[in-house]
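Please examine the structure shown below, together with its sequence.

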Amino acid sequence: MTALAEAWNCVLPEPDGAAYDPGPAREFLPPNSRDRPLSPQELEQVLRSVGAARYHVLHPFHQRMNVGELSFAQMQAWALNRYCYQAVIPKKDALILARSDDPAFRREWRKRIVDHDGDDAGSEGGIRRWIKLAEGLGLGTQMVVSTRYALPATRYAVASYIDLVTRHSMLVAVASSLTEMFSGAAIAQRVPAMLARYDYITEETLAYFTPRLTQAPRDADFALAYVTRHADTPQRQADAVNALIAKCDMLWAMLDALDHAYGAPQRIPPGAFRPEER
Ligand SMILES: O=C(O)c1cc(C(=O)O)c2c(n1)C(=O)C(=O)c1cc(C(=O)O)[nH]c1-2
């Protein structure tokens, strides 16, 4: 097992022909899954069951966000740290794009980069919109964009996303984006909850999320079709499920770090964002 796979506590793809080992996916796969590949529909059901069990909406930090229990400082810390994730997404998508030999795949995948970086006609991309979200929460643009004040664990988590999409198969790289199957519902719940429960949050602040409601399902449908087409052996299906588990772990770890640093008592690491008293 590679050091990375050990770090993920997860079995990432072994060369074809190696002994079947489903790793953490075992928890989600049906008992006979080593004997025959699952149908595309069965595999989708397994992937959805990973989201139902491990997506970051289940994290206590997100749940407190949705019921109005986060402090202003915690909200600022969330926006500042999540900027690191936003900033890395088009880079990881460019890496995936560069790995593909298929023009049709690249044509589709490059939309993701445009969504985050903006287009030639000057449309705002997601990164700019996330900066506006952070500014709307009173953070300075430079302090956010520099990423200097992010938590150490945030940095490790987003770096591991780059690792996941570069050091493993294309199937794993694409499958790791499948958390987007669940993000639409998360956003549809989060945005009205935040508007209703935090008087300092406006629709303008949360404008980042509006296009995601159409972009995420489009991206997820394409990635799911790719995964169900290419995961055609029991091992590859387990690899795809493990990639999704690993990605859920990454998102979970980011919220764990926020909870630890900005919960009560605060345990803010040296050099990280220190909220002002309000
Ligand atoms: O707000 C959310 O809960 C959420 C989750 C995720 C995700 O599940 O990875 C993404 C996003 N938002 C998002 O806005 C986004 O652009 C995005 C891209 C990706 C990806 O892995 O390629 N995930 C997500």
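The following paragraphs move from the annotated domain to the ligand, then to a pair of helices, and finally to some individual residues.

The model is a predicted one. For residues 47-256, the UniProt record, an unreviewed entry, gives the feature "domain: Thiaminase-2/PQQC". This span is 75% helix and 0% strand, and its end C-alpha atoms lie 23 Å apart.

Attention may now turn to the ligand. Which residues surround the ligand? They are Ile89, Gly126, Ser177, Thr179, Glu180, Ser183, Ala186, Ile187, Arg212 and Leu251. Helix α10, which covers residues 180-197, supplies the largest share of this shell, with 4 residues. In terms of residue class, the shell around the ligand contains 4 nonpolar, 4 polar and 2 charged residues.

The packing of helices is the next topic. Two packed helices are described by the angle between their axes and by the distance between those axes. Helix α4 (residues 72-99) and helix α12 (residues 234-262) pack at an angle of about 145°, and their axes are 10 Å apart. The crossing of α4 and α12 is right-handed. On the side of α4, the contact is made by Ala73, Gln74, Ala77, Trp78, Asn81 and Tyr85, while α12 contributes Met254, Leu258 and Tyr262. The contact of α4 with α12 comprises 7 nonpolar and 2 polar residues, with no charged residues.

Beyond these helices, individual residues in the loops deserve a look. Ser100 lies in the loop between α4 and α5 (103-117). Leaving aside residues up to four places away in sequence, Ser100 touches Phe105, Arg106, Trp109 and Met170. Ser100 and Met170 are 70 residues apart in sequence, yet their C-alpha atoms are 7.9 Å apart in space.

Another loop, between α7 (141-145) and α8 (152-166), holds Thr147. Thr147 is a residue other than glycine with a positive phi value, near 60°. Thr147 also counts as partly exposed, because it has 16 C-beta neighbours inside 10 Å.

The reading ends in the segment after α12, where Pro265 is found. Ala264 and Pro265 are joined by a cis peptide bond, with omega about 0°.

Technical notes. Residues numbered from 1 in each chain as written. Predicted model: local features only at pLDDT ≥ 70, side-chain atom pairs only at ≥ 80, totals over all residues. Near = placed C-beta within 6 Å. Helix = DSSP H or I, 4+ residues; strand = E, 2+ residues; numbered from the N terminus. Nonpolar A, V, L, I, M, F, W, Y, C, P; charged D, E, K, R; others polar. UniProt positions renumbered as here; feature names shortened; annotations may be inferred. Axes fitted to C-alpha atoms, helices over the stretch in contact; angles between N-to-C directions. Left-handed = near helix turned anticlockwise from the far one by under 90°. Contact = placed C-beta atoms within 7 Å. Buried ≥ 20, exposed ≤ 12 C-beta atoms within 10 Å, placed from the backbone.
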